[in-house]
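I opened this entry to note what I looked up, one element at a time.

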Amino acid sequence: AVHVVPADVVVAQIEAVVGDIGVDAAKTGMLLSAAIVEAVAAAVEALEIPLLVVDPVMVAKSGDRLLEDDAVKAIKTQLLRHAYVVTPNCPEAEVLAGVAITSLRDAREAARRIHRLGSTAVIVKGGHLAGPEVVDILFDGRDFFEFSGPRLDSSNTHGTGCTFGAAVTASLAHGRPLEEATRLAKTYVEGGIRHGIPLGHGHG
């Protein structure tokens with residue numbers, strides 16, 4: 001089930017943290033509606049939140065939609081221009097870029113198109129592509145960087161995208177450059193999958 005938090009409450013949460021603790025870097029996750037996307041974008045601008053990592057969460061592991069159609073448009077037109085980096089997986093990148101992705105070449109083209117929407121950099125995660133290796137593509141607006149790792153045979157992959165984005169954000173908050181932050185996040189998520197504990201009967 002999904003419970004939609006009112007947009008003004010989302011903004012109040014952001015203001016409380018920024019006003020009390022301060023923010024060196026921030027990450028967005030599941031935003032669901034256009035109203036929330038627009039409110040978050042306005043708060044990021046008004047509060048001058050630096051180093052925004054946008055994880056454009058669209059579909060859950062269960063297949064449930066986590067982003068309404070009008071919210072996709074709001075992300076493209078309102079939020080991405082505030083993003084330091086956006087971290088879509090291949091299905092999400094296809095929606096944002098309007099191209100099919102079946103290869104690393106396609107992923108690079110998608111990254112170029114998403115970059116033109118306003119973010120400083122783009123990471124297209126390669127977990128949905130076929131092959132013995134998982135290759136993530138980083139595009140900083142000028143150069144491409146590839147981060148390769150083994151495809152691990154595990155069902156403990158619930159939350160890997162969110163964890164990756166959070167790990168990138170944490171490294172950015174520590175002042176690490178984006179290339180290093182991406183590499184560290186990939187290593188961290190690989191470790192989480194490799195040592196995941198199969199709890200319950202759903203996605204591990």
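I began with helix H3, residues 69–79, where I found Ala71, Val72, Ala74, Ile75 and Leu79 buried. Looking down the axis of H3, I saw these buried residues fall within an arc of 160 degrees, so they line one face of the helix. I kept in mind that the model is predicted.

I then checked the other side of H3, where Asp69 and Lys73 are exposed. The general rule is that an α-helix has 3.6 residues a turn, so residues three or four places apart point the same way.

What covers the buried residues of H3? I listed S1, H2, strand S2 (52–54), strand S3 (83–86) and helix H4 (90–97) among the covering elements.

Next I looked up the hairpin. Strand S5 (residues 133–139) pairs with strand S6 (residues 144–150) in the antiparallel sense, over 7 bridges. I found Glu133 opposite Pro150 of S6. The hairpin has 4 residues between its strands, and Gly141 takes a positive phi near 100 degrees there.

On the surface I noted a nonpolar patch formed by Val2, Val4 and Met30, with about 250 Å² of accessible area together. I located Met30 in the loop between strand S1 (26–28) and helix H2 (34–46). Met30 counts as partly exposed because its relative accessibility is 40%.

My last stop was Ile197, in the segment after helix H7 (178–194). Is Ile197 buried or exposed? Its relative accessibility is 61%, so I put Ile197 down as exposed. I also noted that the C-alpha atoms of Ile197 and Asn156 are separated by 7.0 Å, with the two residues 41 residues apart along the chain.

Definitions and conventions: Residues numbered from 1 in each chain as written. Predicted model: local features only at pLDDT ≥ 70, side-chain atom pairs only at ≥ 80, totals over all residues. Heavy atoms only, no water. Pairing = 2+ DSSP bridges. Helix = DSSP H or I, 4+ residues; strand = E, 2+ residues; numbered from the N terminus. Patch = residues over 30% accessible without salt bridge, like charges linked within 9 Å, V, L, I, M, F, W, Y side chains within 5 Å. Areas by Shrake-Rupley, 256 points an atom, 1.4 Å probe, with all protein chains shown as cover. Salt bridge = Lys/Arg side-chain N within 4 Å of Asp/Glu carboxyl O. Buried < 20%, exposed > 50% of the residue type's maximum accessible area, 1.4 Å probe, protein only. Arc of directions from axis to C-beta. Contact = heavy atoms within 4.5 Å.
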